[in-house]
Amino acid sequence: MTVPTEASRMLPKNEGKFVQVNGQLRYGPPKDWSGPPPSKGCEIFIGKLPPEICEDELLQLFELIGPIYELRLMIQFSNANRGFAFATYTNKEDAKKAILKLDGYEIRPYKRIGVLLSKDNRKLYVGGIPLNKSEDDVYREISRLTEGVTKVCVLPNSYDHTKNRGFAFVEYESHRHVSIARRVLLSGNVKLFNRKVTVDWADPEPEIDEESLKE
């Protein structure tokens, strides 16, 4: 796919569409969107971004493939990008097309970006739950502290079914929601049921080597 960078720079910028939150510039969801967020398989990872690439240029480029539900560009304190971003399309077909067309795209002379399917993890493991708490109790408590909770699973104790095993699995609407929730719960500033809990990805989340993304 030929996507002239110079031409994309001449397009009018999407000013005002991005908001800065939790170390990222975020666009979306569209104002006219109704219903739940796109399903798994709609989010892509964009790496090896030159530091001068701005959010508007990135949005314009990936919108050439199809409508964008959400785009998140990771930024530093200086507001320069950290070399990677996530984009969520409204359907899986456009996500696959973006990988096919834009992986290896030369966004600057001799600078090619990498595009691949995001893991799109939406589930957290939360340990340290009081043994006498039910799924409804955990759902209400964690929904009070984080946004986008869709489901809580608490397993019963093998020896006493009136108690749980001391941990829960919590699912969220999107990868963005679960990422923000993880930061909130790990910040040390919040407690569940007035106690500190352990939090981790329910499925292992790959570590991002930021240095390799800048090569």
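1. Ground rules. This is a predicted model, so to speak of local features takes pLDDT of at least 70 and side-chain atom pairs count only at pLDDT 80 or more, while totals for chains, interfaces and linings use all residues. Numbering starts from 1 along each chain as its sequence is written, and side-chain values use heavy atoms, with hydrogens and water left out.

2. Overall picture. The chain has six helices and twelve strands (DSSP runs numbered from the N terminus: helices are H or I with at least four residues, strands E with at least two). Of its 215 residues, 43% are buried, meaning under 20% relative accessible area, with exposed over 50% and partly exposed in between (1.4 Å probe, protein chains only). Among contacts (heavy atoms within 4.5 Å) with a separation of 6 or more, 71% link residues 24 or more positions apart.

3. The cores. A nonpolar core here is a set of buried Ala, Val, Leu, Ile, Met, Phe, Trp, Tyr and Cys residues joined through side-chain atoms within 4.5 Å. The largest one has 26 residues, and Ile 44, Ile 46, Phe 62, Leu 71 and Ile 113 have the most contacts inside it. Elements giving it two or more residues include β3 (43-47), α2 (55-63) and β4 (68-75). A second, separate core of 18 residues includes Val 126, Tyr 172, Leu 192 and Trp 201.

4. Phe 62 up close. Not counting residues up to four places away in sequence, Phe 62 touches Ile 44, Ile 46, Ile 68, Tyr 89, Ala 98, Leu 102, Ile 113 and Val 115.

5. What about Leu 117: buried, partly exposed or exposed? Leu 117 counts as partly exposed because its relative accessibility is 45%. This residue is in strand β8 (residues 114-117), and beyond its neighbours within four places in sequence it is in contact with Gly 41, Glu 43, Ile 44, Phe 45 and Ile 99.

6. The four-stranded sheet. This open sheet runs β10-β11-β9-β12 with antiparallel pairing (two strands pair if DSSP finds at least two bridges between them). β10 (149-156) and β12 (198-201) are the edge strands, each pairing on one side only. β9 (residues 123-127) and β12 pair over four bridges, and Leu 124 has Trp 201 in β12 as its bridge partner.

7. Helices on that sheet. Helix α4 (residues 135-145) packs on the sheet and touches β9, β10 and β11 (164-172). Helix α5 (residues 175-186) packs on the sheet too, touching β9, β11 and β12.

Technical notes. Axes are lines fitted to C-alpha atoms, for helices over the stretch in contact, and angles run from 0 to 180 degrees between N-to-C directions.
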